[in-house]
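Here's a quick briefing to read alongside the sequence and the fold.

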Amino acid sequence: MTIIRPKKSLGQHFLKDLGIAQRIAETLAAYRGLPVLEVGPGTGVLTQFLLAAGHDLTVVEIDHASIDYLRTHFSALNGRIIDEDFLSMPLERLYDSSFCVIGNYPYYISSQIFFKVLEHRDRVVCCSGMIQKEVAERLAASPGRKTYGILSALIQPWYDVEYLFTVSEQVFDPPPKVKSAVIRMTRNSRMDLGCDEVLYKKVVKTSFNQRRKTLRNSMKPLLGKDYPDYADMIFDKRPEQLGIDDFVRLTKMTDTYLRSKEGNVEQTLNH
């Protein structure tokens, strides 16, 4: 029998507890009619429950030993094992309509995975799985919490995030040094932010770069020290006190000011 050992270089921690694997699979119970993409199936601990539940399952894996194991032990995956890096593969090549993403995600790339999902929010209707507890708390945090930050403010406009349950480090081989948690992100009804999305990201990241300071100070790298509307009450707040609508408003204010500055420069050059 082939024994697959977790590779440290890939951040692999294999889940041993079948009960938890089944609970993770059940996070997609409401989406049995949609295709499901499992990221990093490893030896198929979660895979077996997704298949048993009748999901239309495809898996993506970069570890060749795991791929050989899956091919040998899961005949149902014949032709459905993708030997690629999820972060660089073109998802639009796989799906031209709605699908779900699930996995026991490698801790060191979990945030990147969620940003990849965000890029394809027009198709990914649900994303669930297990990640580092700290990252899960940041994803699900509401304004005013210490864990509310960049990840919260960039994901939550588009997805409703549920922190489902905590997982002990002892149910993995090898045990990670941190606790884990299972989350579910469900696409909400928002289709448009109502502001420049690129600038929104920049505003969020700029404000949280100095999260202990008020926005009057943390936004200076973008707005400069001579911004005329610093008296607005929004600038009395720290970034973790702002909800999504507040960040949208701040982005619009920033956009208006930056455009006026560009206009002034153009007028000066034309004269």
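Arginine 238 is partly exposed, because its relative accessibility comes to 34%. It forms a salt bridge with glutamate 240, with 3.2 Å between the closest N and O atoms. That glutamate 240 counts as buried, because its relative accessibility is 13%, under the 20% cut-off. Keep in mind that this is a predicted model.

**Salt bridges**

- How many salt bridges does the count come to? It comes to twelve.
- One of them joins the side chains of glutamate 197 and arginine 121, at 2.9 Å from N to O.
- Glutamate 197 belongs to helix α8 (residues 197-208), while arginine 121 sits in the loop between α5 (110-119) and β6 (124-132), so this pair ties together parts that are 76 residues apart in sequence.
- Glutamate 197 is partly exposed, with a relative accessible area of 28%.
- Another salt bridge links glutamate 162 to arginine 184, and here the closest N and O atoms are 2.8 Å apart.
- Since glutamate 162 is in strand β7 (residues 159-167) and arginine 184 is in strand β9 (residues 180-187), the pair ties together parts that are 22 residues apart in sequence.
- Glutamate 162 counts as partly exposed, at 32% relative accessibility.
- As background, side chains of opposite charge can pair when their charged atoms come close.

**Strand β6 and its partners**

- Is β6 enclosed or open? Nine of its nine residues are buried, so β6 is largely enclosed by the rest of the structure.
- On the parallel side of things, β6 pairs with strand β5 (residues 99-104) over six bridges.
- Glycine 103 stands opposite glycine 129 of β6.
- Together, β5, α5 and β6 make up a right-handed β-α-β unit.
- β6 also pairs with β9, this time in the antiparallel sense and over seven bridges.
- Serine 128 has arginine 184 in β9 as its bridge partner, and arginine 184 is the residue that forms a salt bridge with glutamate 162.

**Helix α3**

- In helix α3 (residues 64-73), the buried residues include Ser66, Ile67, Tyr69 and Leu70.
- These residues cover an arc of only 160° around the axis, which puts them on the same side of α3.
- What do the buried residues of α3 pack against? Their partners are β1 (14-15), β3 (56-60) and β4 (81-82).
- Over on the other side of α3, His64, Arg71 and Thr72 are exposed.

Methods. Residues are numbered from 1 along each chain as its sequence is written. This is a predicted model: local features need pLDDT of at least 70, side-chain atom pairs count only at pLDDT 80 or more; totals for chains, interfaces and linings use all residues. Side-chain values use heavy atoms; hydrogens and water are left out. Buried means under 20% relative accessible area, exposed over 50%, partly exposed in between (1.4 Å probe, protein chains only). Helices (H or I, at least four residues) and strands (E, at least two) are DSSP runs, numbered from the N terminus. The arc is that of the directions from the helix axis to the C-beta atoms. Contact means heavy atoms within 4.5 Å. A salt bridge is a side-chain nitrogen of Lys or Arg within 4 Å of a carboxyl oxygen of Asp or Glu. Two strands pair if DSSP finds at least two bridges between them. A crossover is right-handed if, with the strands pointing away from the viewer, the path from the first strand over the helix to the second runs clockwise.
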